[in-house]
Amino acid sequence: MERPTPPLHASRWGLNPEITFLNHGSFGACPHEVLAAQAELRRRLEAQPVDFLTRQAPGLIDEARNTLADFLGADPAGLVFVPNATTGVNAVLASYPFTAGDEVIITNHTFNACANAARYWAERAGASVKVASVPFPISNPAEVVESIVAEIGPRTVLGLIDHVTSETALVFPIEQIADALHARGVEVLVDGAHAPGMVPLNLETLTAAYYTGNCTNGCVHRKAPRSSPFEASGGPRSGPSSSAMVRTRRSTSGVGSIRSSTGPERPTPRPGSVYPKRFVSWARSPTVAGRA
Ligand SMILES: Cc1ncc(COP(=O)(O)O)c(C=O)c1O
């Protein structure tokens, strides 16, 4: 097989030039420039640990939060750093005010660790999880929205929807999904583990209540060091606030790749289909109805 021409900025990364590295989704590499900035912060910490942690760190974290909020089009006040994207998902689910009989919608493309988390936290509260069957490959964005909306019932309170799906590499039309669920009184928690830096984001206009993501997975254009996830909540509403999201259960990508017997049935390619279609749909929603 012929190797592709190395990207223009390949020298900015320490990746072995003999290898065509493809799996930026699971564990991508970090550019030299970012590693240098990270090393400088460690040097400052080691030079004056107490001063760094008690006096410098809070300001640095605020600065990072503001920069990230700018990039994501988010309100910094609703943005928190969490250990990883799965923790962000768990934080929302663990503090969500489910009551017995409530329903949560996931899809057959949901990252498995997050599907397990949805089942775990819902079932603890006597709620249940419904799996929307999104065809694979998809023909158009509306197909995704329709298959999720079809699962909404009178007790549906939350949809846990991936922005970029892990195993099937689809970019879900998250704005349309969020708008459709929002219009039916269903809150949305977006698992955007791969999205920031890969697709444009404006969390302020997105009608999803919660968004969790990584600044590291997925795309070589992203520049944050490993373990730079965040979680955004759309301001005060009936669900939990970010400050209440403390009962987190940590779970990693490794866990996510292990199928549980209760995990959603994975999508099977339609007969005759050759390759998944990718699409990004990024219409700005005209209003943010219901946002306090
Ligand atoms: C859609 C999705 N959600 C969650 C995760 C897990 O991310 P993390 O390891 O940051 O928890 C991944 C990892 O690839 C993913 O693809």
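Residues are numbered from 1 along each chain as its sequence is written. This is a predicted model, in which local features need pLDDT of at least 70 and side-chain atom pairs count only at pLDDT 80 or more, while totals for chains, interfaces and linings use all residues.

Begin with the whole chain, coloured by pLDDT, the predictor's confidence in each residue from 0 to 100. The mean is 80, and 75% of the residues reach 70 or more. Now select residues 235-263, where pLDDT stays under 50 and the model has 56 contacts beyond four places in sequence; two residues are in contact if their C-beta atoms, placed from the backbone, lie within 7 Å. Next select residues 270-292, where the pLDDT is also below 50.

Switch to the cartoon view, in which the chain has eight helices and seven strands, taken as DSSP runs numbered from the N terminus (helices are H or I with at least four residues, strands E with at least two).

Select helix α6 (residues 141-149) together with helix α7 (residues 174-183), whose axes come within 9 Å and cross at roughly 30 degrees; axes are lines fitted to C-alpha atoms, for helices over the stretch in contact, and angles run from 0 to 180 degrees between N-to-C directions. The two helices, α6 and α7, are therefore roughly parallel to each other. To see where they meet, show Pro141, Val144, Val145, Ile148 and Val149 of α6 with Gln176, Ile177 and Ala180 of α7.

Move on to Pro31, in the loop between α1 (24-27) and α2 (32-47). Is Pro31 buried or partly exposed? Pro31 is partly exposed, because 19 other C-beta atoms lie within 10 Å, whereas a buried residue has 20 or more and an exposed one 12 or fewer.

Finally, select α2 and helix α3 (residues 49-72), whose axes come within 5 Å and cross at roughly 115 degrees. That angle makes α2 roughly perpendicular to α3. Here Arg44, Leu45 and Glu46 in α2 meet Pro49, Phe52 and Gln56 in α3.

Key
Angles under 35 degrees count as roughly parallel, over 145 as roughly antiparallel, 65 to 115 as roughly perpendicular and the rest as oblique.
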